[in-house]
Amino acid sequence: MADPREDPYPDVYVGGGFSDPAGTPPADPGPGRPGPGRRRNWIPGAVAVAAGLVMVCHSFVPNSPGNLGSLLETVLPWTGLAVPVLLLAALLRRSVPAVIAALLLGAVWSALFASLFLGGRSDAEPNLTVVTHNVNATNPDPAATVRTLLAADPDLVALEEITDDALPAYRKVLDPRLTHSVHIGTVALWSRYPITESRRLTIDPGWSRSLRARIQGPNGPVAVYVVHLPSVRVGVSGFTIARRDDTLTALDRALDHEEQKKVLLLGDLNGTTTDRNLAPLVSRLTPAEDKAGTGFGFSWPAAFPIARIDHILTRGVTPTDTWTLPATASDHRPVAARLKA
C-alpha cells in the first residue's frame with residue numbers, strides 16, 4: 001500500500017531547477033508579447049504579404065540561375081490560387097490582420113489580371129476571323145481536327161507541326177473552304193482572301209517552321225506571320241529557353257523591317273506574354289486577348305491547360321473578340337479571334 005505521505009508527483013529536474021509537471025501553468029509571455037497561438041495566427045498574413053511581393057516584384061526575380069524569373073512569370077496567373085486558401089486560413093484562425101492581408105493580395109492579383117476577364121471589346125464591327133493551332137505532328141485524326149477549326153467560320157487558319165504525311169488530310173478538308181494557301185516546312189496558312197506574297201521566314205536556322213505571307217484582306221493588305229518557336233523544358237538545370245529566345249530575337253528583328261501597317265502574328269510561341277523575354281515582341285505587337293479577351297485562354301496542355309503559349313498578336317488591327325476552341329486530337333487547344341482589319 002502506497003504511503004499517503006509520498007508525493008505522487010516526484011520532482012523532475014529541468015535545466016537547473018525543479019518543476020512540478022502536473023501543476024505548472026503555462027508561462028506568461030508577458031505584456032505586449034503574443035503567445036504561441038497568436039503567433040500562428042500571423043502565418044496566413046505573412047504568407048499573403050510574401051505572395052503579394054512576388055506578384056508585384058516578379059520582374060526583380062533574377063533569371064540566373066535556371067531562368068527562374070521567366071518560369072515564375074509563365075505561371076504567374078496561378079498565384080491567384082493563394083488568395084482563397086489564405087483567406088480561409090485567416091477566417092479559421094479569426095485573425096483580422098490576416099484577413100485584410102489576404103483581401104489585399106486578391107486586390108493585387110485583380111489589378112494584374114482582372115482586365116482579361118472584363119471583355120474590353122471594341123465597338124468595331126469585325127470583318128476577319130482567324131484561328132491558329134499547333135496540330136501536333138503525331139495527330140491521329142487531322143480531318144476531325146480541322147473540322148473543329150472550321151466550326152468557327154474562319155477567314156484565316158494557321159497550323160503548326162504539319163508533317164508531309166498528314167498534309168493531304170488537312171488539305172482535303174480545308175481547301176474547299178479556304179481556297180488560298182501556302183505551306184512551308186511544318187507551318188501553313190489557309191486564307192479566304194488571296195495570298196499575294198509568301199516566303200520562308202528565316203529566324204530558325206536549320207529548321208523551317210516560320211513563314212510570312214501577305215493577304216489582300218477585306219480593307220487592304222495584311223502581313224501575316226505564322227510562327228512556331230522552339231520548345232522549352234523544365235528540368236534539373238531550370239527553365240531551358242535559350243534556343244527559343246534566340247529565335248525570338250530574330251523574329252523581333254524581322255518585325256522591325258515590316259513595312260505593312262496591318263500585321264498579324266499567329267502561332268505557338270512556347271511562352272506566355274507575361275514572360276519578360278517576350279516583352280520586346282509584345283512591345284511591337286499587341287496580344288488580342290489583352291484587348292478583347294474573356295479570360296486567360298490557356299491553350300496548353302489540352303487535357304488541363306495551364307498556360308497560353310499559342311497566340312494571336314496584332315498591329316494596326318482591332319481585336320473585337322478572342323476565345324479558345326474545343327480540344328482536338330492535339331496536345332494544344334486552338335485559339336481564335338475576330339478582328340476589324
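This is a predicted model: local features need pLDDT of at least 70, side-chain atom pairs count only at pLDDT 80 or more; totals for chains, interfaces and linings use all residues.
Residues count from 1 along each chain as its sequence is written, and side-chain values use heavy atoms, without hydrogens or water. Local features need pLDDT of at least 70, side-chain atom pairs count only at pLDDT 80 or more, and totals for chains, interfaces and linings use all residues.

User: In what order do the six strands of the open sheet run?
Analyst: Strands here are DSSP E runs of at least two residues, numbered from the N terminus. Two of them pair if DSSP finds at least two bridges between them. The pairing is mixed, and the order is β7-β8-β9-β12-β14-β13.

User: Why is one side of β7 and of β13 left without a neighbour in the sheet?
Analyst: Look at the ends of that order, β7-β8-β9-β12-β14-β13. β7 (195-200) and β13 (286-287) have no neighbour on one side because each stands at an edge, with a single partner strand.

User: Which residue in β12 is the bridge partner of V227?
Analyst: β9 (residues 220-228) and β12 (residues 263-268) run parallel, joined by six bridges. V227 has as its partner in β12 G267.

User: What angle does the direction of helix α8 make with that of β9?
Analyst: Helices are DSSP H or I runs of at least four residues. Contact means heavy atoms within 4.5 Å, and α8 (residues 242-256) packs on the sheet, touching β9, β12 and β14 (310-315). Axes are lines fitted to C-alpha atoms, for helices over the stretch in contact, with angles from 0 to 180 degrees between N-to-C directions. For α8 and β9 that gives about 170°.
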